[in-house]
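Dear colleague,

Please find the structure we discussed below. I would be grateful if you could look through it alongside the notes that follow.

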Amino acid sequence: MKRVYCNEKYCVNCHLCEIYCLAAHSPAPDLIKAFSPSDGIRPVARIQVEESRPRSMAVSCRHCLHPLCADSCISGALTKDPNTGIVLSDPEKCVACWSCLSVCSIGAIRKGFVAGRPVSVKCDLCQGREIPACVEACPNQALTYEDRGEN
Amino acid sequence: MPRSLVPPAFFVERVTTRCIKCGVCVRQCGFSVHAQAEPYGEVVSTEENCVGCQRCVVFCPTRALRIMENVHSVRQHPNWTAGVIHDIQKQAETGGIILGSMGCDKDYPIYFDRLALNASQVTNPAIDPLREPMEVRTYLGSKAPRVEVKRSGVTFRLQKPMPIGIKLETPIMFAAMSFGSISKNVCEALAKAATELGTLFNTGEGGYHADLRKYAANSIVQVASGRFGVDKEYLEVARVIEIKMGQGAKPGIGGHLPGEKMTWEVARTRMIPKGTDAISPAPHHDIYSIEDLKQLIDTLKEVTDYKKPISVKVAAVHNVAAIASGIARAGADIITIDGMKGGTGAAPKVVRNEIGIPIEVAIAAVDQRLREEGIRDEVSLVASGGIRCSADVLKAICLGADAVYIGTAALVALGCHLCGKCYTGKCSWGIATQDEYLSRRVNPELGVKRLVNLVNAWTLEIKEVIGAMGINAIESLRGNRLHLRGIGLNEVELKVLGVKPAGESM
Amino acid sequence: MKYLVIGCSSAGIHAMEAIRQKDATGEITCLTKEQDLPYGRPLISYWLEGKIREEKMSLRPQEFFDRLGIRLCTGVEAVRLDLANRSVLTATGQSFTYDRLFLGCGGKPIVPPIEGLKAVPHFFFHTLADVKKIKLLVTPEDKVLIIGGGLIGLKAAESLTSLNARVTVVDLAPHLLSSIMGAGAAYMVQEAICAQGVEVKLNNSVAAVRMIGPRELAVTLKDGVQLMVNHLVVAVGVAPNLDLVQGTALSHRRGLLVDQHMQTNISGVYAGGDMVEFREMLSGQQKVVGIVLNAAMQGRVAGYNMAGFPLAFDGSMVCNSLNLFATNIVTMGESTAAGENKEILVSRPAPGVYRELVFRDGRLCGATLINDAERAGILRHLIYKQVEVDEVKEGLLAKTPQLLEIPFARWDEYYRDLTA
Amino acid sequence: MLEGWVRIPSGCAIAGIINQNGQAFSGEMIARAMTVMHDRSNGLGGGFAGYGIYPEMKEAYAFHVLAQDKTGISQVDELFKENFTVILKEPLPTRRTAGVAGTPFLMRYFLQPQKENADADQLVAATTLQINKHIGGTFVLSGAKNMGVFKGVGYPEDIAAFFRLDEYKGYLWTGHGRFPTNTPGWWGGAHPFSLLDVTLVHNGEISSYGANRRYLESQGYHMTLQTDSEAIAYACDFLHRRHQLPWEIIAKVFAPPHWWEIDRMPAEERELAVALRRTYGSLLMNGPFSIIVGFAGGMMALNDRLKLRSLVAAQNEEWVFVASEEAAIRAVCPEPESVWYPKGGEAVIQLVKENVECHAA
């Protein structure tokens, strides 16, 4: 399946991937409104940039074959779609116990908010878009969206 | 020193209603202009540091930033311009030479913009590039005076082999920019792009990085006055060897790469101790006359078993025609003329702006002189310094060049915004820097695509234009000054360029 | 091939998923005594607090069972195992035969030896039915005594407080959550809970209880103290549910014994989850590890093996994450203080945040994190893979974990084994 | 401004007839072929080259010289005296013809080099260039052994009549009708152009003229007549006489195969093709052209690489014809055995048979 890969050598620590991921998942019409939503709770990007100068790297969900997060989810909110292979979190079922956060081996799940409720938030590979927003936003082609033959 | 009198060169205007405080500009500015107390906190800017490289403007996701040049820093005065005044202030505060990078920024006339190209019409048709192959392939290196053939049955065979010729699929090459002044990623992008385009790249005087030797078949390696990185393997692996006698941006002076930029990798490639300043003296301290140069040319030919063309690069100075004639007679196969508007990583601003002549007149003069002496075909002529677009390439070839180098244009393709601060090594675009946090900003894979796109675009334009001229092979354009007309040039300029005024027919 | 799965919780579901992945045509039947679609046991406290509606609680929607072609029989309790004839008898007399059997019966609440307990009404905190009963009977201002200060006890305390009951928790151990954390961290949790009005009695237990009125219970503690409460909740812990196994040839100790392939000593009979005892990878000892993740992994391994796809399970690992009032608690690996040649480092990177990391010869082997769940999974991975982290200890203590600071040489390899 | 100063683009008619057995035939035949192509020229230029027309004086250099006035002629006489002995000097025989007016002085000389120096050809060539460059208004129409060029302002058929071509016999004739635009005709600008025995008739315009000219100038040639045909003629002389290249190779210099064709050639052939383009790139004739080069003993017809000008060839027994139009050929040879249209860059080279007596040295 196609996944987002980050080539750490060319990540320039600009965080545009985070900004455009957030915008893509926000109901707000544009970036400015997306960053200052009416309910005052700043939305969380589903990709995050690690910084350890001079190096930096964007980390997002690997959509594992046997995702530990789905295995440890007590409410069945986190499931791996059998057809697309994408691991999705259902905000209505999530009770924010953060078990998923405590087992995701690369720390790709974050504490977010949907309709004011705390829920787990993770990369959904921007369904409905040709290329994920983060890959499209990366100015240095450090993020690529490709199928490397891993299941 | 107390407070500097030099006003900020740029003002940072931040539209606060648009700023989402995301900190992109803070992290991207190589000159630490923007700052943020804590994540998503208020962003403030120290305008003195700004060099106007537009990195923040380009990266700001909400277009909240504008960098404006401070044009009202002095009372308007025709003689005492802002530039002159600020230079005096700086030197009064530092007592040192004002450094500059990139090319001459004085508004000398740009002859390229005063020359118009021709088109064929009615009496002979233009050639349709969509139907006919437009041939821009060029060979660099000296040409044989004549071809001797032997008839064997119906076909013919070459009796005497030709001197080595380097095939360029397009008459555009990447200019000499040393590893040390530019980052390794940029070197790799240039090398790989040249290989993909079937043209050459020049390593510059900084040696040839071990990792890039796989592109050696398209490389021109430089032997400069510092002899940096020159050893047996360096000469053997290269396709062309170029003796650097001068550089258009700084004729008559040497080069200086400061010790701070001398990282381990740069030092290893230059074969000098880490941390030392890399000084390439002017002149070569073993070439004080044309015969010494001939000796070096012969030595290089001998060492490489006469398998590689030897090029000599000189700056365009007043007697460049005589120099070129001497170089040709000294056995060089290729002469590179670097005009005064050529770029540099670091040079005293006064040298960069005031010494040398523009490439247009230099090429015209050299081509004319070599033709008069009947030795034009013993060498290939390469124009360099300030080539900005495909029209410049065409006009340089019409004036007599076999091919051109692009340096600054290539860097602009990779993101350079000509802020002119390469000498600081803090280039926010990751080009003229060895700082790993910055140099990763040029992804060679992306860089190659951009460079290949640029050269392909220019080559397509060249094919379209020569088609319009009714020519389908670049050989017919070389030295074909009849296809140029001068616009707004005076009598003397027309004569030097060997070009008729617009309005005068063939 | 006929597959029979007893119990439809995390272990059972993952077993069936694995079977269907390797055997597209096999007939799969699942028996569960739960009345409706399967739900995650830990959700019952969230239901009680009204944080989740019942129709949203199903671990897997009906579509899951239809897609995998599973015959789900709810409200059917298996009561007798006939290993010889490879069949199972249910409470209503039905009999199901099998070629491969999976036991995922999970755990059973432990009933402490309290004098008079059986005679008085008392709740357990184990199933949805339990909490539905509590919701029915407990009214605001009722006084409730919870026996057991572990995860279940404290979650019960939290949900009952949300029903405006006045809760007291009694625990045998010197501090709360003694099974998963050390005293220091536990004290912080206790402070947070008491601040919400919960009373905590430690080093104590209930000696006897007797009914003195329709909703009046007199409780005598070990230290002789008398308490008058309206309700009693038993939350001492959960033990493997071996009802079905008793009297059969299946060997067991505290939990059902299985090999690396999750197969019991009877061939064709597999098991997984809370009812099983298996090697805990850090200590190497046989333990019952009753966490959802472990049940899922064991179920999946069992499923593959049942479908003839040999796979070994390399050991379970303790890893908990829960919220108590506003405090988030994550513990993993050897997070209790015990154990030799261990170096325990504590840091408070931000106000209200407590991070306790346990190192043994340059490797992480345990962690207790309070209000510090951000990217905690990275620490779990360091423990699970026993990564050499000696030179990055300070970084792990001071900041949110970062992959860049882990001495992994090549990221594409790291990614590949993640996705495999 | 003198027409000589300005390069005149010209569309034209060209034709060439050769008898492989060296059998001489009257000039009337080429005139007849040119007549059919009347509309391809506008009467401002016509001309012919005849080979083998002075059998009785074939060892002497025959000069046809054109001058505006007597002084021109006397200066020419002076110049010839320096290196040659003048065997015969006489006006070029002409006939009053309606279509031809304003005729300049036309003289014919038969010369013999004084010293038996080795390179008589070089001397003749130098003298020709000298006259064209330095003697005002005076041009050498042709200067070589046993051949002559007859050209001027007028339709080709009138020029033929004016120069009484019917009275000459030669084994090879080429003809040209000119269609210059924007200026009245000029005797010096008519085709064919010649240098020693090489003559050139050319239909078309050379876009690479600037590059060709600069290269030829650096090899010692002086462009005086400002027509690109002159450049081609000098290029033929340079490649054939000074560099001794055979005509097949010269065709590959003027109209080389494209690089994609070269890349596909076998190694040896490719090596030669690359060498030719590298060395003589500046003599690549770019732009539309069809030319017929006449030389002692044969002729070559050639089209530009893209065949943007018409050229057709035909063969009948020992005759070979080339012309801008098939009609011109059929006018003199109604049923040729074969007719073909040579591809772009594909030369038609026809020599007189080896042992034929009239073949000049």
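This is a predicted model: local features need pLDDT of at least 70, side-chain atom pairs count only at pLDDT 80 or more; totals for chains, interfaces and linings use all residues.

Chain D

Chain D contains ten helices and 18 strands. Its C-alpha trace extends over about 60 × 45 × 45 Å along the principal axes. The radius of gyration of chain D is 19 Å, which agrees with the value near 21 Å that a compact globule of 361 residues would have. Of those 361 residues, 57% are buried. When contacts in chain D between residues at least 6 apart in sequence are considered, 77% of them link residues at least 24 apart.

Chain D and the other chains

Which chains does chain D not touch? There is no contact between chain A and chain D, and the closest C-alpha atoms of the two are 36 Å apart. Chain C and chain D likewise do not touch, with 42 Å between their nearest C-alpha atoms.

Chain B, by contrast, does meet chain D: 41 residues of chain B are in contact with 38 residues of chain D. On the chain B side, the elements giving two or more residues are strand E8 (149-152) and strand E9 (155-158). E9(B) gives the most, with four residues. By residue class, the side of chain B that touches chain D comprises 16 nonpolar, 13 polar and twelve charged residues.

The nonpolar core

The largest nonpolar core has 447 residues, and those touching the most other members are Cys17(A), Cys134(A), Leu190(B), Ile337(B), Ile363(B), Val404(B) and Ala33(D). Helix H7 (residues 292-306) of chain C supplies the largest share of this core, with nine residues.

Beyond its neighbours within four places in sequence, Val404(B) is in contact with Pro171(B), Ile172(B), Val382(B), Ala383(B), Ser384(B), Ile387(B), Val393(B) and Ala396(B).

Domains of chain B

The domain assignment divides chain B into domain 1 (10-75) and domain 2 (168-501). The C-alpha centres of domain 1 and domain 2 of chain B are 35 Å apart. How many residues does each domain of chain B give to the contact between them? Domain 1 of chain B gives nine residues and domain 2 of chain B gives eight. On the domain 1 side, the residues that touch domain 2 of chain B are four nonpolar, four polar and one charged.

With kind regards

Key
Residues are numbered from 1 along each chain as its sequence is written. Chains are lettered from A and ligands numbered from 1 in the order in which they are written. Two residues are in contact if their C-beta atoms, placed from the backbone, lie within 7 Å. Ala, Val, Leu, Ile, Met, Phe, Trp, Tyr, Cys and Pro count as nonpolar, Asp, Glu, Lys and Arg as charged, and the others, Gly among them, as polar. The radius of gyration is taken over C-alpha atoms; the globule rule is 2.2 Å times the number of residues to the power 0.38. A residue is buried if 20 or more other C-beta atoms lie within 10 Å of its own, exposed if 12 or fewer, and partly exposed in between; C-beta atoms are placed from the backbone. A nonpolar core is a set of buried Ala, Val, Leu, Ile, Met, Phe, Trp, Tyr and Cys residues joined through C-beta atoms within 7 Å. Domain bounds come from an automatic or database domain assignment.
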